[in-house]
Amino acid sequence: MKRTLAIAGIAIVALGVVASSALFTVNEAQQALVLQFGEPRRVIQDPGLKVKIPFIQEVRLLDRRVLDLDPPVEQVILADQKRLDVDAFARYRIHDPLRFYQTAGTEAVAETRLNSIVNSALRRVLGNVTVLAVLSDERARIMTDIKGQVNDEAKRFGIEIVDVRIRRADLPEETSQSIFARMRSEREREASEARAQGQEQSQQIKSRAERERTVIIAEAQRDAQILRGEGDNSALKLIADATSQDPAFYGFYRSLEAYRKSLNGNDTTMVLSPTGEFFRYFNGAGPQVGGGAPAPAPAAAPAPAPAAPAQ
């Protein structure tokens with residue numbers, strides 16, 4: 001009895017081992033490739049519980065979802081000889097597990113080969129366009145061309161390329177510095193030209209203003225000389241008319257002018273006789289002005305020489 005139970009237990013264990021080796025599960029996100037001694041026998045793409053020959057066949061599970069590929073940053077020379085550091089990414093799907101196993105074997109090997117394919121396509125396509133095209137609306141067409149070339153080469157690995165995109169496209173650091181330096185020199189040149197033009201216009205405005213100022217001053221001086229001459233002429237005419245009408249008044253006027261010029265300071269000291277000719281109009285000895293029998297008009301009283309200041 002005990003021997004029978006032992007045999008039954010061993011049989012159950014053996015049956016369990018065989019069953020666990022013969023059964024396997026494929027979920028919705030997977031596809032399976034059954035191998036027999038390393039040779040592919042069948043491809044399973046439907047999910048569920050599957051059976052294989054135990055200890056003889058093995059199963060390789062492959063992802064059937066869309067996978068991400070992130071190639072390293074690649075420096076590309078564009079058609080206008082500009083250099084760009086291009087950071088691209090791709091999305092792919094394993095649509096033929098048998099070919100994928102025969103050509104790549106594993107996802108790690110496939111991604112290494114896809115990285116080279118994507119970077120080669122980037123260099124080929126971007127080498128025929130300019131930096132302005134990469135940064136303009138033509139970028140969508142460029143990415144379509146890159147995707148088409150990558151897809152053509154990826155088909156031999158049983159891979160379908162879903163999408164290829166450029167994440168970033170930057171100028172290399174040395175190129176950026178040279179461009180910034182060129183932009184700075186260009187702006188400095190434009191600023192120098194603007195300053196030179198401003199100085200030229202300033203000189204023109206100043207020259208025009210100086211010329212107008214000179215003309216205005218000359219015209220004003222001319223008009224002033226004319227008016228001064230006319231005024232002097234009128235004054236001389238008035239003096240002549242007044243002198244001809246009353247010669248004694250002219251003598252009186254000349255004496256007043258002599259008083260004004262001689263006694264024009266605050267500290268003037270003169271030593272003169274009060275009955276002298278210079279003060280004749282202060283003493284009432286002069287001729288009557290404007291009435292009676294006029295006396296002969298005396299000559300204008302000369303201005304005496306200033307005496308020494310009083311001690």
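Colleague: Is Asp46 buried or exposed?

Modeller: Before I answer, note that this is a predicted model, in which local features need pLDDT of at least 70 and side-chain atom pairs count only at pLDDT 80 or more, while totals for chains, interfaces and linings use all residues. Residues are numbered from 1 along each chain as its sequence is written, and side-chain values use heavy atoms, with hydrogens and water left out. Buried means under 20% relative accessible area, exposed over 50%, and partly exposed in between, with a 1.4 Å probe and protein chains only. Asp46 is exposed, because its relative accessible area is 54%.

Colleague: Which residues have the most contacts inside the largest nonpolar core?

Modeller: In soluble globular proteins, nonpolar side chains tend to be buried together. A nonpolar core is a set of buried Ala, Val, Leu, Ile, Met, Phe, Trp, Tyr and Cys residues joined through side-chain atoms within 4.5 Å. Here the largest one has 36 residues, and Leu126, Ile146 and Ile159 have the most contacts inside it. Several elements each supply at least two of its residues, including strand S8 (83-94), helix H3 (107-126) and strand S9 (159-170), and H3 gives the most, with 8 residues. Apart from this core lies another, of 5 residues, among them Phe24, Val26, Ala32 and Ile44.

Colleague: Which side chain of opposite charge is nearest to Lys52, and how far away is it?

Modeller: For charges, Lys and Arg count as positive and Asp and Glu as negative, while His and the chain ends are not counted. A salt bridge is a side-chain nitrogen of Lys or Arg within 4 Å of a carboxyl oxygen of Asp or Glu. Lys52, in the loop between S4 and strand S5, is buried yet has no salt bridge, and the nearest side chain of opposite charge, Glu58, is 8.1 Å away. If contact means heavy atoms within 4.5 Å, then Lys52 touches residues including Phe24, Arg42 and Glu58, not counting residues up to four places away in sequence.

How values were computed. Helices (H or I, at least four residues) and strands (E, at least two) are DSSP runs, numbered from the N terminus.
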